[in-house]
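User: Could you take me through the side-chain packing and helix contacts in this one? I have the sequence and the coordinates open.

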Amino acid sequence: MRNTKRRTKEILDILDETYGTEYICYLNHEEPYQLLISVILSAQCTDERVNMVTADLFVKYPTLEAFANADVKELEQDIYSIGFHHAKSKNIIACANKLINNYGGRVPDTMDELLTLDGVGRKTANVILGNVYNIPSIVVDTHVKRISNRLNFSKNSDPTLIEEDLMKVLPKEHWILYNIQIITFGRNICFARNPKCDECPLNHLCDAKDKRMAK
């Protein structure tokens, strides 16, 4: 199915109608640095699990300085249930120190600066740009990757290339919303396995190879 501006607009209109246009962040936080830490923790982990851990973590470490001065072994135990706790604890402490020493405690608002932080890649940086600074950005997580391929918005598997493809296809004012809507869509309808194609509001606009035909 060839992409056209009309088809793209119809897809986005349906997503707006189905999932709304409110900006939602699924990771609980009060401060920008807390969101940054939460996103670092979220690699290979669900948002629900991260929120369970950070509920206590942000009480135990109430400031950026507290994270910067944390004992790496103790922090490993604090985040043990999240997985990859060795690397994540080191990255969080190093990231906190770099924020304090290089950026005066402020989370940067540019991609280049964010990428200088330990544990931060383009996905994490885009989460910060969109959720903290409302800067149009596209977060390519597992849902966005899978569904963008299914919708023929991208044929690539590399997240950076998918991001570039989506930036060409989607209107800039819809970049952040697309992230939010597709996450919900992916969690509720467009599963990696056995998607609920018979309940999908985009069924008539999708010709994915793994599309399930109605019985």
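This is a predicted model: local features need pLDDT of at least 70, side-chain atom pairs count only at pLDDT 80 or more; totals for chains, interfaces and linings use all residues.

User: How many aromatic pairs does a search of the whole structure find?

Analyst: Rings of Phe, Tyr and Trp (its six-membered ring) pair if their centres lie within 6.5 Å; planes under 30 degrees apart are stacked, over 60 edge-to-face and the rest tilted. With that rule, the search of the whole structure comes back with five.

User: What kind of pair do Tyr33 and Phe67 form, and which helices hold them?

Analyst: Their ring centres are 6.5 Å apart with 70° between the planes, so the pair is edge-to-face. Helices here are DSSP runs (H or I, at least four residues), numbered from the N terminus. The pair ties together parts 34 residues apart in sequence, because Tyr33 lies in helix H2 (residues 32–41) and Phe67 in helix H4 (residues 64–68).

User: Which residues form the aromatic cluster?

Analyst: Tyr61 and Phe67 are stacked, 5.0 Å centre to centre with 25° between the planes. Both Tyr61 and Phe67 are buried (under 20% relative accessible area; exposed is over 50%, partly exposed in between, with a 1.4 Å probe and protein chains only). The one cluster is made up of Tyr33, Phe58, Tyr61 and Phe67.

User: Is Phe58 buried or exposed, and what does it touch?

Analyst: Phe58 is in helix H3 (residues 47–60), and at 13% relative accessibility Phe58 counts as buried. Contact means heavy atoms within 4.5 Å. Not counting residues up to four places away in sequence, Phe58 touches Asn28, Gln34, Ile37, Ser38 and Phe67.

User: How do H1 and H11 pack, and which residues make the contact?

Analyst: Axes are lines fitted to C-alpha atoms, for helices over the stretch in contact, and angles run from 0 to 180 degrees between N-to-C directions. Helix H1 (residues 5–19) and helix H11 (residues 175–188) have axes 10 Å apart and pack at about 65°, which means that H1 is roughly perpendicular to H11 (65 to 115 degrees; under 35 is roughly parallel, over 145 roughly antiparallel, the rest oblique). H1 gives Leu12, Leu15, Asp16 and Tyr19, and H11 gives Leu177, Tyr178, Gln181, Ile182, Thr184 and Phe185.

User: What about H2 and H8: roughly parallel or roughly antiparallel?

Analyst: The axes of H2 and helix H8 (residues 122–131) come within 10 Å. The contact is made by Pro32, Leu35, Leu36 and Val39 of H2 with Thr124, Val127, Ile128 and Asn131 of H8. They cross at roughly 150°, so H2 and H8 are roughly antiparallel.

User: Which residues is Asn179 in contact with?

Analyst: Asn179 is found in helix H11 and is buried, with a relative accessible area of 8%. Leaving aside neighbours within four places in sequence, its contacts are Ser137, Ile138, Val139 and Val144.

User: And where does Asn134, with its positive phi, lie?

Analyst: Phi of Asn134 is near 55°, a positive value in a residue other than glycine. At 49% relative accessibility, Asn134 counts as partly exposed. Its place is the loop between H8 and helix H9 (142–150).

Methods:
Residues are numbered from 1 along each chain as its sequence is written. Side-chain values use heavy atoms; hydrogens and water are left out. Helices (H or I, at least four residues) and strands (E, at least two) are DSSP runs, numbered from the N terminus.
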